[in-house]
Amino acid sequence: MEFMEDKVFRIGPIRPPSEADSLLLQVTNGCTWNKCKFCQLYRHTKFKAYSADSIKADIDNMVYHAERARQYQNADGSWDIDGLNGELARSGAAERECFYMVANWLVGGGENVFLQDGNTTVLSSGRLADVLVYLRQAFPSIKRITSYGRAQNLAKVSAEEFAELKAAGLDRIHSGYETGSDAVLKKINKGVTAAEEITAGRNIKAGGIELSVYFMPGVGGKELTAENALGTSEVINAVNPDFLRIRTAAVKPGTGLYEDYVNGEFTLCSDDEKLIEIRTVIERASGIDTRLVSDHIINLLQGLKGSLKDDKEKLLAMIDEYLAKPEVEKRMYQAARRMARVVSPKEMGRLSEREAAELKRFAESVQDPYEWEIKMNDMIARYI
Ligand code: SF4
């Protein structure tokens, strides 16, 4: 096929782990707010919402790459991977990433699309709906379209407008609530209130769109650990999101939260305190069927997954079993988890004697508990 240098489309830098296999369509660039104290994702990016025509041009280029890829699909639906690799090698440098993304997505079934970046619902619902319809027509194999949304903007969208977006093809919104406590929201400069989170969540669900909410244990610091748990519990119980995803707080150099920490205004929570926050949210879950998900390496217990309706006892038991362990064992696990050697306390038994002895030496080498929290925070912060 003739090579055309300009057949490229924009690809943003961020997507949730659950969208790892999704086709990425950039609808906006950066974040409208850009002031959350823990975040530096789009710090140097000036926000821009692309026009419907510009986004459609990107979709057209995705279709072009899909046609290139489909030359290597066999009659039985299987793929000639060597042929695809050859086509990839013949791609110009600029379009290689685009071809790879589309081909990889099609080989995986071509079902899910994630709209980037930080806050796509700032597009008027009419413009977004126009793009969604165009995208679905271009790729009839699509089963799910998801997007990020900031609660403060989402709260301005009515249930009727969300229903229109659902009809146009938007299936799920991911929103970083982080906390449901007004005191913590203020402390991290989230620019939203718990009441707005509730309005946004209820409207999204009333419009028939799935809602995936992110919760950040530890983001209030030791100063507001109880408020973080209790406020989040109240918002979750009021909204009943489809998913509650844990994103453990990490204080990273270069952020406003790091400055607060250096200035003594923010004290790091221990891993136990963060788990107790999660435990409180689980224990207080009432009248909701939200699914708890722990799908990021920064979370201590990856196995914390289940329904807040049917699996409460199992989830609480998992936390209590960990909390009851001797301190040195907990430290060994914390370090092993942050070194990506294990995903659960049970896996500690699989480590070699030498690895276990090294971890024990490391765990016992730090006397001051807060010095240990600093070490753990530094390890977590490497992953974000
Ligand atoms: S709204 Fe999201 S992307 Fe924007 S600054 Fe806050 S956390 Fe970062």
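**Domains.** I began with the domain assignment of the protein chain, which gives domain 1 (17-324) and domain 2 (325-384). I noted that the model is a predicted one. I then looked up how far apart the two domains lie: the centres of domain 1 and domain 2, taken over C-alpha atoms, are separated by 29 Å. For the contacts between them, I found 23 residues of domain 1 touching 19 residues of domain 2.

**Ligand.** Next I asked which residues are around the ligand. I listed C31, N34, K35, C36, F38, C39, Y42, R150 and K190. I sorted this shell by residue kind and got five nonpolar, one polar and three charged residues. I also checked the space that the ligand takes, and this space is the largest pocket.

**Backbone at Q116 and D117.** I turned to the peptide bond between Q116 and D117 and found that it is cis, with omega about 0°. I placed D117 in the loop between β4 (112-116) and α4 (125-138).

**Positive phi values.** I looked up two residues here. E178 is not a glycine, yet its phi is positive, about 70°. I located E178 in strand β6, which covers residues 172-178. Is E178 buried or exposed? Its relative accessibility is 7%, so I wrote it down as buried, the cut-off for buried being under 20%.

N189 also has a positive phi, near 55°, and is a residue other than glycine. I found N189 in the loop between α7 (182-187) and α8 (194-206).

**T248.** My last entry concerns T248. Where does T248 lie? I found T248 in the loop between β8 (243-246) and α10 (256-262). The relative accessible area of T248 is 6%, and therefore I recorded T248 as buried. I then asked which residues T248 is in contact with, leaving aside its neighbours within four places in sequence. I noted M216, P217, K274, I298, N299 and L300. I also looked up the pair T248 and H296, which are 48 residues apart in sequence. In space, I read 8.6 Å for T248 and H296, C-alpha to C-alpha.

Key
Residues numbered from 1 in each chain as written. Predicted model: local features only at pLDDT ≥ 70, side-chain atom pairs only at ≥ 80, totals over all residues. Heavy atoms only, no water. Helix = DSSP H or I, 4+ residues; strand = E, 2+ residues; numbered from the N terminus. Buried < 20%, exposed > 50% of the residue type's maximum accessible area, 1.4 Å probe, protein only. Near = heavy atom within 4 Å. 1 Å grid on protein atoms, 1.4 Å probe; cavity = no way out; pocket = protein on both sides within 12 Å on 5 of 7 lines; lining within 4 Å. Sits in = over half its atoms within 2 Å of the grid points. Nonpolar A, V, L, I, M, F, W, Y, C, P; charged D, E, K, R; others polar. Domains from an automatic or database assignment. Contact = heavy atoms within 4.5 Å.
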